[in-house]
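Keep the 3D view open while you read.

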Amino acid sequence: MEIRSSINFHDERFLMFVLDQMANELERNGGEAIRMTLGKSEMPLHPEIINSMQQALDSFEKYSLVYPGGLPELKDKLATHYQTKYDVSIKPENFVISVGTSTLFRNLFYLLLKEGDEVLLPLPYYSLYHFCALLVGAKVRYYKIDMDTLRLDVESFKENFTDKTKVVVINTPGNPLGNILTKEELYTIDSIVDGRAAIINDEIYANTYFDDECESVMQLKNTKSTFITTDAFSKAYRMYSRRVGYAIVPDELVQPLTVIQHHTLLTADPVVQFGAMAALDYQHEVDHLVQLYKGRRDYTIDAFQNVEDVRALPARGSFYFTLDCEAFMKRKGISTSLELATQIFEATHVATVPGSDFGIPNTLRLSYSAAKYNEGINRLREFFTTT
Ligand SMILES: Cc1ncc(COP(=O)(O)O)c(C=O)c1O
């Protein structure tokens, strides 16, 4: 059978899942892995979220609802949530709800980009953006997040924003670096773009910051560009596999995005959308997760302070921490981050994510969401100091 796509699906594997699969295999054979792979919280869902999903399952009127663009009740509740949190007035119909934001990215890229158009992504990037650009045949350019300061490299943004740029993606707090864009940086991006491209603002880690407040695009005044904000219940509310995410889109995108869902989704599961509505009532749950992950961030920085050849990049938010292993890989003759992560997994049973997934091939990404996180860090430290 001929596959018409020009994408090399072997090269484009999400290596996070390759390592996660190794952990599955080990566990199926009776071993125990420490997973620092997915950004899936180790903590169970809040009981009230489960309760509201169970109630929905007990009610035919609820579990049989079909809305391709999302339940009106959830849209209303999201509009109220943004009004309360940011004092912004967003019409409920401008929320398009789907099975997580991953599919929304694919559809937004389809709507906003055609072959040959340019998309400007952060480097490092979350792999979804890169893959969605491949799907539509757009040319990818990058602006840098400085690996020493974790700040926006404004010059590289200016250099790579061209007349052909139709979409810019920003992600704060960021995956994988845990970097945070300041309000000034957000204004700088807006003024460089100056209304000439759509800015997709991925705020999936919006509630997860450890030091300084993470400003939202929602707080900016008098911006010149069109912002499309995406967020989901997968992270801070821990609903990773109960799929609910949404995009806040301008009027002209509501119908196109919803019509794609008419034909290709039919409906997002109403049961989990009732769970999402309940989640919005439990903001303090997020604080607990943030404190826990802040402690893990601090533990990682301490643990790697005196490890030669490995640089721990001090994340300020999100679920992830990045280790720069360039010097170690050079010394050991390890040529890819997949090879490094595989060696580590075989030696320590700690599953990490190869940095190649994010365009930074000499690094590893660690997710705070492993149940035995600190033990995993101890094992990694030992690996790097004794190997
Ligand atoms: C930065 C970022 N954006 C988007 C997503 C997509 O998540 P979901 O499809 O659950 O909304 C993820 C998932 O890890 C992510 O890290």
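1. Start with the second largest pocket, which holds about 350 Å³ of space. Of the 15 residues lining this pocket, Ile90, Val217, Met218, Phe227 and Ile248 sit closest to its centre. A pocket here is an open set of points on a 1 Å grid over the protein atoms alone, where a 1.4 Å probe fits, with protein on both sides within 12 Å along at least five of seven lines; lining residues have an atom within 4 Å of a point. Volumes are the space filled by probe spheres set on the points, which are joined across faces, edges and corners.

2. A word on the source: this is a predicted model, where local features need pLDDT of at least 70, side-chain atom pairs count only at pLDDT 80 or more, and totals for chains, interfaces and linings use all residues. Residues are numbered from 1 along each chain as its sequence is written, and side-chain values use heavy atoms, with hydrogens and water left out.

3. What kinds of residues line the second largest pocket? You'll find nine nonpolar, six polar and no charged ones. (Ala, Val, Leu, Ile, Met, Phe, Trp, Tyr, Cys and Pro count as nonpolar, Asp, Glu, Lys and Arg as charged, and the others, Gly among them, as polar.) Strand 7, residues 226-232, gives the most to this lining, with three residues; strands (E, at least two residues) and helices (H or I, at least four) are DSSP runs numbered from the N terminus.

4. Now for the largest pocket, with about 710 Å³ of space. Its lining has 35 residues, and the closest to the centre are Phe14, Met16, Tyr126, Ser127 and Leu128. Helix 6 gives the most, five residues.

5. Look at the ligand next. It has 14 residues around it, with Thr101, Ser102, Asp202, Tyr205 and Ser234 the closest (near means a heavy atom within 4 Å).
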